[in-house]
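Please take a moment with the sequence and the three-dimensional view below. The briefing that follows is meant for a reader who is new to this structure.

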Amino acid sequence: MNRDFSAAKRIVVKVGTSALTYETGKLNLHRIDRLSRDLCDLKNRGMEVVLVSSGAIAAGVNRLHLQSKPDSISGRQAMACVGQSALMEIYNKCFADYGYNAGQLLLTKDVLDNGDRQRNFKNTIEELLKFNVIPVINENDSISVEEIKFGDNDNLSSLVARLIEADLLILLSDIDGVYDKNPKEFSDAKLVDTVDDFSAQITSQKDAKPSALGTGGIVTKISACVNAAKCGIDAVVANSNNFNVIYEVLEGKKVGTYFVGKK
Ligand code: ADP
């Protein structure tokens, strides 16, 4: 199926921890800078861009020079406090280099379960976009407990895309897209090009675990994209290792896995 995103004006880009960090656990600054530059360039084109970024805990672990994430929940929440502000510092620095500002929104599930708060959220995003700011959204990992947790930024970004009526959702990960089984475990796994039938089983669920630093895995990416596509929003899962990935997606090139938005 042909991909035509030429009319997309409002896009939500989600970047996962595995795309923002090296295997060493340290931040991939080159990629963060390149991502920031691309988003600012899209703003220059006249597009509206919203970033959903993971990586707070990893950034906190880096800032405090720890070897690994703390085991305790409170320890990880403390890392998120340190890391979220460190991450915003980096985004703001990068955006500022290209003439833009970031505006941070931290969410928990209960915030977006409530109609009034949903409206407030939407209004705030609309204002930020009017001010030409790039909203940077993350789950509020410092206070999220099980009951109020999204648990993964894939579904959070899909909900954001639906609330703000985005035209396109791009999920960037460390993998080329959705495969029929986990390509890190099965060498014969095949990349799925397009998903048009949302009732079909897309991948083998059994092995669909996240990567070492990731949280949701491919299952949450699939549900996030299916939910967006059912609401008419085109969605693509693609690999952030390809530095041109956002442009290639927008040009309609066959990169990643495309979930066809049902208009
Ligand atoms: P992120 O941090 O970007 O959200 P995750 O690590 O949570 O990424 O999810 C991506 C990972 O999911 C891949 O690196 C891969 O190891 C794993 N995975 C499991 N099954 C599949 C599949 N069928 N197709 C693609 N990736 C899969």
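**Briefing**

With a relative accessibility of 66%, H65 counts as exposed, where exposed means over 50% relative accessible area, buried under 20% and partly exposed in between, for a 1.4 Å probe and protein chains only. The model is predicted, so local features need pLDDT of at least 70 and side-chain atom pairs count only at pLDDT 80 or more, while totals for chains, interfaces and linings use all residues. Residues are numbered from 1 along each chain as its sequence is written, and side-chain values use heavy atoms, with hydrogens and water left out.

**Overall build**

- The protein has 9 helices and 8 strands, which are DSSP runs numbered from the N terminus, with helices (H or I) of at least four residues and strands (E) of at least two.
- Its radius of gyration is 17 Å, close to the 18 Å that the globule rule gives for 263 residues, so the protein is as compact as a globular protein of that length; the radius is taken over C-alpha atoms, and the rule is 2.2 Å times the number of residues to the power 0.38.
- Taken along the principal axes, the box that the C-alpha atoms fill is roughly 45 × 45 × 35 Å.
- Of the 263 residues, 56% are buried.
- Among contacts (heavy atoms within 4.5 Å) between residues at least 6 apart in sequence, 72% join residues at least 24 apart.

**Nonpolar cores**

- The largest nonpolar core has 40 residues, and Y91 and I246 are those with the most contacts inside it; such a core is a set of buried Ala, Val, Leu, Ile, Met, Phe, Trp, Tyr and Cys residues joined through side-chain atoms within 4.5 Å.
- Helix α4, which spans residues 73-97, gives the most to this core, with 6 residues.
- Apart from this core lies another, of 38 residues, which includes L105, V133, F150 and I233.
- Not counting residues up to four places away in sequence, Y91 touches V15, L20, I32, L35, S36, L51, S53 and V136.
- As general background, nonpolar side chains tend to be buried together in soluble globular proteins.

**The enclosed space**

- The structure holds 1 cavity of 30 Å³ or more, a cavity being a set of points on a 1 Å grid over the protein atoms alone where a 1.4 Å probe fits but cannot get out.
- The largest cavity contains about 100 Å³ of space, where grid points are joined across faces, edges and corners and the volume is the space filled by probe spheres set on the points.
- It is lined by 13 residues, of which R31, L35, L172, S240 and V245 are the closest to its centre; lining residues have an atom within 4 Å of a point.
- The elements that give two or more residues to this lining are α2 (29-45) and α9 (245-250), and the largest share, 5 residues, comes from α2.
- By type, the lining divides into 8 nonpolar, 2 polar and 3 charged residues, with Ala, Val, Leu, Ile, Met, Phe, Trp, Tyr, Cys and Pro counted as nonpolar, Asp, Glu, Lys and Arg as charged, and the others, Gly among them, as polar.

- In α3, 7 of the 8 residues are buried, so that the helix is mostly covered, and the buried ones are A56, I57, A58, A59, G60, V61 and N62.
- What covers these buried residues includes α1 (17-20), α4 and β4 (134-139).
- H65 lies in the loop between α3 (56-63) and α4, and has a positive phi of about 55 degrees although it is not a glycine.
- E165 also has a positive phi, near 50 degrees, in a residue other than glycine; its place is the loop between α7 (153-163) and β5 (168-173), and at 55% relative accessibility E165 counts as exposed.
- For comparison, most residues other than glycine have a negative phi.

**Strand β1 and the segment before it**

- R10 belongs to strand β1, residues 10-15, and is buried, with a relative accessible area of 11%.
- Leaving aside neighbours within four places in sequence, R10 is in contact with E48, E126, L129, I164, E165, A166, D167 and L168.
- A8 is found in the segment before β1 and counts as buried at 13% relative accessibility.
- With neighbours within four places again left aside, A8 is in contact with M47, D167 and L168.
- A8 and L250 are 242 residues apart in sequence, and their C-alpha atoms are 8.1 Å apart in space.

Notes:
On a 1 Å grid over the protein atoms alone, a cavity is a set of points where a 1.4 Å probe fits but cannot get out, and a pocket is an open set with protein on both sides within 12 Å along at least five of seven lines; lining residues have an atom within 4 Å of a point.
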